[in-house]
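User: Hi, I'm new to this one and would like a walk through it. Could you start with a contact that you find worth a look?

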Amino acid sequence: MRYFPQLETGAMGQYPLRRVRRMRTVSNEMPDGRGVKLPDAAAATTEWQLKWVGLTDGEMETLARFFDDVAGRLHTFTFLDPGANLLCWSEDLERGVWEKGPLVTVTGGLADPFGGTRAWRVANGSLIQTLNVPGWFYYCVSMYARSDGGGQVTLVRGGETAARMVTRQWRRLTFAAQSVGAEESVRFGLEVASGAAVEVFGLQVEPQIAASGYKKTAARGGVYPNARLAEDRLYCTTAGPGRHECGLDIIHGERF
């Protein structure tokens, strides 16, 4: 499987970056003059315009090698959106994408840290989502958590875990570092000790070394298999030793 590479810093891109989502609507005019319009989900496309400055020689070589590997527009690859939450259904922990431990219970509709009622209580076990992403990338797992009884919650990233203390107040907890696995799927989530319960909100995974603002997701997370480069050219400029600039466009779906 081919994956769009991370930079040496653990970033997928640099700001500003541009993402465009295009949708097509199919319309049909009935014999009596009435119109029917329906979304054509199969024709949806997402496009990214990425630009980098200050690239090192090694980073420039990595991008050039990737471009040669996919042969421009010829081959597909998996792209992790640098501006998105990789998880699906971040606010619906009862969806099937969340793997629950045998004794775990989840209860929704609780007060969240932003004044809504979108938080969940997780008790007695693990809540995991497995993503088809490279195990050797940098990832940041984050969430808001609290508990009346205090204690701790364990954040899970692949085969690695990190225990974080929980208080009565909402706090954002993070677990960020480069993963060490060679697998092409990674487990992300949380674990709560038997007999304990923690209220959580805003579960998020990002392909970078620190957490950004929380982004709610539904059925579409930030993992895009079968993406392609939009052009057969890699735009590069060298300003000096170890100082390169580069730009390319990525597309997921067929242009229309």
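Predicted model: local features only at pLDDT ≥ 70, side-chain atom pairs only at ≥ 80, totals over all residues.

User: How many salt bridges does the count come to?

Analyst: The count comes to 15 salt bridges. Among them is the one between Glu91 and Arg118, whose closest N and O atoms are 3.1 Å apart. That pair links distant parts of the chain, with Glu91 in the loop between β3 and β4 (99-100) and Arg118 in the loop between β5 (105-110) and β6, 27 residues apart.

User: What else does the side chain of Arg118 meet in a salt bridge?

Analyst: The side chain of Arg118 also meets that of Asp112, at 3.5 Å from N to O. Asp112 is buried, with a relative accessible area of 5%, and Glu91 is buried as well, at 14%, whereas Arg118 is partly exposed, at 35%.

User: Switching topic, which way do the side chains of β3 point?

Analyst: In strand β3 (residues 77-80), Phe77 and Phe79 point one way while Thr78 and Leu80 point the other way, and all of these are buried. In a regular strand the side chains alternate between the two faces of the sheet.

User: And which strand does β3 pair with?

Analyst: β3 pairs with strand β12 (residues 223-229) in the antiparallel sense, over 3 bridges, and Leu80 stands opposite Val223 in β12.

User: Where is Thr217, and what does Thr217 touch?

Analyst: Thr217 is placed in the loop between β11 (186-206) and β12, and is buried, with a relative accessible area of 9%. Leaving aside residues up to four places away in sequence, Thr217 touches Asn85, Leu87, Cys88, Trp89, Ser90 and Glu91. The side chain of Thr217 also reaches the backbone nitrogen of Trp89, at 3.3 Å.

User: Last one: which peptide bond is cis?

Analyst: The peptide bond from Tyr15 to Pro16 is cis, with omega near 0 degrees, and Pro16 lies in the segment before β1 (18-29). As another backbone detail, Ala71 is a residue other than glycine with a positive phi, near 55 degrees, and its place is in the loop between α1 (57-70) and β3.

Technical notes
Residues numbered from 1 in each chain as written. Heavy atoms only, no water. Buried < 20%, exposed > 50% of the residue type's maximum accessible area, 1.4 Å probe, protein only. Helix = DSSP H or I, 4+ residues; strand = E, 2+ residues; numbered from the N terminus. Pairing = 2+ DSSP bridges. Polar contact = N/O pair within 3.5 Å; in protein donor to acceptor, adjacent residues only side chain to side chain. Contact = heavy atoms within 4.5 Å. Salt bridge = Lys/Arg side-chain N within 4 Å of Asp/Glu carboxyl O.
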